[in-house]
Amino acid sequence: MSDLRELYQEFILDHHKNPRNFGPLEGANRTSEGYNPLCGDRVTIYLLVEGDRISDIGFEGSGCAICTASTSVMSEMLKGKTVAEAEDLFGKFHELVTGPPDEVPCTDGLGKLAVFFGVREFPVRVKCATLAWHTLKAALRDGKTVTTE
Amino acid sequence: MSDAQPTGTSTKSRGLDVREARRDFPILNREIHGHPLVYLDNANTSQKPQGTIDTITHYYRDLNANIHRGVYELSLHTTRVYEEVRGKVRAFIGAADEREIVFVRGTTEGINLVAQTYGRTHIGAGDEIIVTTMEHHSNIVPWQMLCEQVGATLRVAPITVEGDVILDEYRSLFNKRTKFAAISHVSNAIGTVNPAKEMIAIAHEHSVPVLLDGAQSVPHFPVDVQDLDADFYVFSGHKMYAPTGIGVVYGKLNLLEEMPPFLGGGDMILTVSFEKSTWAPVPQKFEAGTPNVAGVFGLGATLDYLNGLGMSQIQEYEDGVVSYAVERLSTLDDITIIGTPRQRTGVISFTIKGVHPHDAGTILDRDGIAIRAGHHCSQPLMEFYGVPATNRVSFGLYNNHNDVDRLVAGLETVIEVFR
């Protein structure tokens, strides 16, 4: 049960049940849709990018708890960040969820995203945790639909 | 005599003895995350009995040779067993003639074979092909590809919310442009047993041939293709306790004989010259290249095993377990069973209030319980029910009441985690 409790922490379940920044963003100038064909997770990210800064963000979709919570926490973390900072955060987050399960994860600079360290115990769920980030990257790049395949 | 080594003890007179049958499946001794395995993903692929595993080992260790080619003892022996298994398949599904049994990789390849041979020569621009809402992607996509190639149209027979085909609507789809119908015998996603015999009879009233997707029926109850009057019947070995990579296309002899080959190559020809080649007679015409010989041996062993247990006995036993599961799941407030068909076999799909199937699947796995979470390669059906995915439990002959109890306890944990 312990690794399950690490995966499904109260904080994650709260973001799953009450996702922040949920709904389409009016005035968005970047958008992208992500899809995980394995489990049917689907997320659309809306961004308002001004200069090199993400000034607002919204998302819609349906997915598992890990996917929804990850998207919700990401949306909170990214508001006000520069594009370069967002990409750097994705790199760190990816390392957090894909690192070896027996190593103590490095959570420097990850803030609230650190709660997702339990995902590394469940390799099949990595795609759930990173779908939002891949979608974000696509929105920042060219706004095409991405899949996790 | 074949080299198949059945391990099942005949229990026909007294029904299936599940405790004895469970001993035939070595994987059931495994522990997953510290718990005895409860395997409830049989519609995806089933586990293999020891006799089937031993037969494959025996083939590679003692018998390995190619078929239909050598003049030496090993090849002659292997060819003989390979053809004997064809005969066993014929008997198992009640076909009239061994030549009506074509070995393929599985159901998917089988349906593609029929679409690209019969379909390409009999279905043209403006023609229509009928499927149902509950088809597996493998009984949709090959027909869509054919439609694109020849300019035909796919028509879809609707279902009720309970998960039964609406027969009047199905009947009304037939017209003079209808050239083919491809129907699942049993739904892999919700477990509906379609009234296949009646649906075939309706198609035949309009002189339309029917392919039945038998992937989810052959493992669960006796099938008689002649009684059904199916024109094509396609199924996989791996869902019926046989190896992966082996499956069967049954086709009525007159249809197979007039169809062009599917793949070209060795073993499917009579003569080859650079000007023109001629085809071997059926079924070799459809078995180009070296086939999955070990898979055929394994399939033969599995058929011996299932015949030893008796398909009617398996059906009776499994129906009891599935009914018990429906009853137990119905007592959980947060669970909604998707589809309540008139006749069900093997499969139950359900949703859990507030819990995505993927999360449920992960939590159950930690209790050693394997279920499927997803769209089950039936996205149009998921859309019909307005869900992106479901939890699916699917049963085999070795599942018992204890497995159902463990499932229910696991689901209580899932609900607790998300409360």
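A: A residue is called buried here if 20 or more other C-beta atoms, placed from the backbone, lie within 10 Å of its own, exposed if 12 or fewer do, and partly exposed in between. The model is a predicted one, in which local features need pLDDT of at least 70, side-chain atom pairs count only at pLDDT 80 or more, and totals for chains, interfaces and linings use all residues. Residues are numbered from 1 along each chain as its sequence is written, while chains are lettered from A and ligands numbered from 1 in the order in which they are written. Helices (H or I, at least four residues) and strands (E, at least two) are DSSP runs, numbered from the N terminus.

An α-helix has 3.6 residues a turn, so residues three or four places apart point the same way.

In the loop between H2 and strand E1 (30-36) of chain A lies A:Asn21. Although A:Asn21 is not a glycine, its phi is positive, at about 55 degrees. With 18 other C-beta atoms within 10 Å, A:Asn21 is partly exposed.

Chain A also meets chain B: 14 residues of chain A are in contact with 13 residues of chain B, two residues being in contact if their C-beta atoms, placed from the backbone, lie within 7 Å. The side of chain A that touches chain B is made up of 9 nonpolar, 3 polar and 2 charged residues. In this count Ala, Val, Leu, Ile, Met, Phe, Trp, Tyr, Cys and Pro are nonpolar, Asp, Glu, Lys and Arg are charged, and the others, Gly among them, are polar. For the complex, the predictor gives an ipTM of 0.88 and a pTM of 0.93.

In chain B, the mean pLDDT (the predictor's confidence in each residue, from 0 to 100) is 95, and 97% of the residues reach 70 or more. Over residues 1-11 of chain B, however, the pLDDT is below 50, and this stretch has 38 contacts in the model beyond near neighbours in sequence.

Chain B is divided into domain 1 (12-48 + 310-410) and domain 2 (55-307), with bounds that come from an automatic or database domain assignment. Their centres, taken over C-alpha atoms, are separated by 27 Å. In contact across the boundary are 28 residues of domain 1 of chain B and 27 residues of domain 2 of chain B. On the side of domain 1 of chain B that touches domain 2 of chain B, helix H11 (311-330), strand E14 (347-352) and helix H13 (379-385) of chain B each supply at least two residues. H11(B) gives the most to that side, with 4 residues.

Just after H7(B), B:Ser207 takes a positive phi of about 55 degrees.

Strand E10 of chain B, residues 247-251, has 5 of its 5 residues buried, so it is largely enclosed by the rest of the structure. B:Gly247, B:Val249 and B:Gly251 are buried on one side of E10(B), and B:Val248 and B:Tyr250 on the other. Strands count as paired if DSSP finds at least two bridges between them. E10(B) pairs in the antiparallel sense with strand E4 (residues 101-104) of chain B over 4 bridges, where B:Phe103 has B:Val248 as its bridge partner. Strand E9 (residues 232-236) of chain B also runs antiparallel to E10(B), joined by 5 bridges, and there B:Tyr233 is partnered by B:Tyr250.
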